[in-house]
Number of protein chains: 2
Amino acid sequence: MELDQRKRQILYAIIHDYIQTAEPVGSRAIARRHGLGVSPATIRNEMSDLEELGFLEQPHTSAGRIPSDRAYRLYVDALPKKASLTAREVELVKRMLASRMRSSEQIVQQLAKLLSALTNQTSIVLGPSEYQARLRQVQLVGLGRGQALLVGVTDGGFLINRMVEIPPDIDERSLQRLQLWLNQRLGGVPLEQIRSVDMRALQDELSSGISLFESVMDEFIGALRSREAERVYLGGATNILSQPEFKDVDKVRAILELLEEDALIWDVVMQGQGNKISVSIGSENQLTAMQNCSLITAEYHLGGGLVGRLGILGPTRMEYDRVLSLVQHICQTLNEMFG
Amino acid sequence: MELDQRKRQILYAIIHDYIQTAEPVGSRAIARRHGLGVSPATIRNEMSDLEELGFLEQPHTSAGRIPSDRAYRLYVDALPKKASLTAREVELVKRMLASRMRSSEQIVQQLAKLLSALTNQTSIVLGPSEYQARLRQVQLVGLGRGQALLVGVTDGGFLINRMVEIPPDIDERSLQRLQLWLNQRLGGVPLEQIRSVDMRALQDELSSGISLFESVMDEFIGALRSREAERVYLGGATNILSQPEFKDVDKVRAILELLEEDALIWDVVMQGQGNKISVSIGSENQLTAMQNCSLITAEYHLGGGLVGRLGILGPTRMEYDRVLSLVQHICQTLNEMFG
DNA sequence: ATTAGCACTCCTCTGGGGAGAGTGCTAACA
DNA sequence: TGTTAGCACTCTCCCCAGAGGAGTGCTAAT
């Protein structure tokens, strides 16, 4: 089912106007604002067709039309691939990302702020996962009362920390020996591989403290496996309140409650996969709370094997061209900085 | 200006009813629900007096009365000091705090959840400050490109991490020497004192790499001084949306935008000082966005010198007795667990 | 000092009517 | 055959008036 040139023009005009005004768009308005050289009556006929094709919807008989999710999908898929940003935006991205960062956590926080500030939407940044990173150094700090803090640093400068239980009567020297040994054996090993390291072989190497070793290793591997270290960072969650479609408190609540569920958010953002920017429009989203929203996600790289995903959440009526350009540009800039 | 017995009873009755219903309370309702043995007319007279004294307000002529901030203040100051909790609540606190925690960060997150779940309000937990904690171990990890990660662990198991700049041409051994030396010299020293450690004397001890030492130490002390590590954790921010006084999106936005300003929140919560629970009611708050809210804050201790503050933010119409009891009980429980 | 009674005020809810926006249809036109 | 002008129709939104209700303040009686 292809749309002819004019239908497409009209559809785009409606999408464009609706994105700006959040009001149903009438035939007169289209004829006036976008000089297509045809009368409102003609546009009405076309609109009627477009509605039948499922690209437009009518809130009620005597209102204008609003684009359907399907229309947005058509529009997004047809967007030009190359970014269209103002010089000011490019400048802003450059400046904010160039400011000296202290740790990858801060980069990620900054990223969330940048994204929400530039898009006026809610941004979601998933802390980078370290699976592709190499372990650089391990530190084991006894804290007394049978507890120790296990801290790993990846070559990207990312921290993994985890409280582990150890026998309460272990002495400082054994801990140090274990730490030294862990460093020798695991330093430089990609985290992903640590999981599959042959435990038995390692145990044999270590002459004493087998049980200690076991428990610590289990904990450590658990830390690598678990998502606990993988944080969800939000930026500008209140931006959503400015959108006219969320002037009803109940709708706001549904979304904000969702945003508090880190695990859910993680899953949703992770659904978009791979290197390409992923766009999920309205009813394409699984979660009912997000059926009025669109989610744009993309992969970002911080160098040293640190990979994460970031996303923009907003109403389906979103400035897709701007947001997509921005996301693409930011990811690219990050790549250049850390590549 | 003292209130006689009956005025006080009536005032408390109004506060009680208003907290429950969020509707202005009329004289009839008081006479019916709280058998004070007097007629609505008498209560009306007393209410009129109470209004003149500034304890009640009238939204409009023919509505009931609502308590003023001053009334809440009177009420809160007169609350019994000892906690009144249901067995279920005590049980819940116990269970949630008893579950094995992995790090102080997780404790704090859990704490925020617990507070918001039990109070149905928004909870704020400031990550514990380490000033009173002792430094246990320091780790310096070179990352190449002139950067290194400096990680400190306190005896309470809290992490301080900071990216520091180092000369790009420094070799691994010098770093290790510096790390070893930092550990010997600073291990066991309270963080607070590290700031005032005599730099000059230390520099003399270290035979080489003076400039390296200087820059690293500066950074490290900067990390201790700065608030960057001191995080604000929120729990149940959406609870505020359920309150009838926030059914207007604009009011919600004012509060939620405030809650996104970590630095502001930090300051506000920190204003309550010392060991006693602090209550700040309505107009007693400095920030205009909080003039319809009350903030209850208290100090908590995680042992090992880790001290932080936690708070509950809700409408002035808050169940002060329950919330205060809860906060008090939770702080006490934490003390017992980590003391 | 307390209370019953009553007039009065003010909010809120409801329904009707007019204005406005936009459509769909029909008939005329190029 | 596609396009357009005209027009009746529909539906929402807003305003307004009036009824209903809740609660007060005052007065006079107890």
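## A look at B:Gln291

Is B:Gln291 buried, exposed or partly exposed? In this predicted model, B:Gln291 counts as partly exposed because 15 C-beta neighbours sit inside 10 Å, and the partly exposed class falls between 12 or fewer (exposed) and 20 or more (buried).

Setting aside neighbours within four places in sequence, B:Gln291 is in contact with B:Gly282, B:Ser283 and B:Asn285. B:Ser280 is 11 residues away in sequence, and its C-alpha is 9.7 Å from that of B:Gln291.

Look for B:Ile281, which stands opposite B:Ser294 in S9(B).

Both strands belong to an open sheet of 5 strands in chain B, ordered S7-S3-S10-S9-S8 with antiparallel pairing. Strand S7 (232-235) and S8 of chain B are the edges, each pairing on one side only. On average, neighbouring strands here are turned by 20° against each other, ignoring direction. Helix H13 (residues 262-271) of chain B lies across S3, S7, S9 and S10 of chain B, at about 85° to S3(B).

## Where chain B meets chain A

Now for the other chain: 26 residues of chain B are in contact with 27 residues of chain A. On the chain B side, strands S4, S5 and S6 and helix H12 each supply at least two residues. H12(B) gives the largest share, 6 residues. By class, this side of chain B has 12 nonpolar, 6 polar and 8 charged residues.

Notes
Residues numbered from 1 in each chain as written. Chains lettered and ligands numbered in written order. Predicted model: local features only at pLDDT ≥ 70, side-chain atom pairs only at ≥ 80, totals over all residues. Contact = placed C-beta atoms within 7 Å. Helix = DSSP H or I, 4+ residues; strand = E, 2+ residues; numbered from the N terminus. Nonpolar A, V, L, I, M, F, W, Y, C, P; charged D, E, K, R; others polar. Pairing = 2+ DSSP bridges. Axes fitted to C-alpha atoms, helices over the stretch in contact; angles between N-to-C directions.
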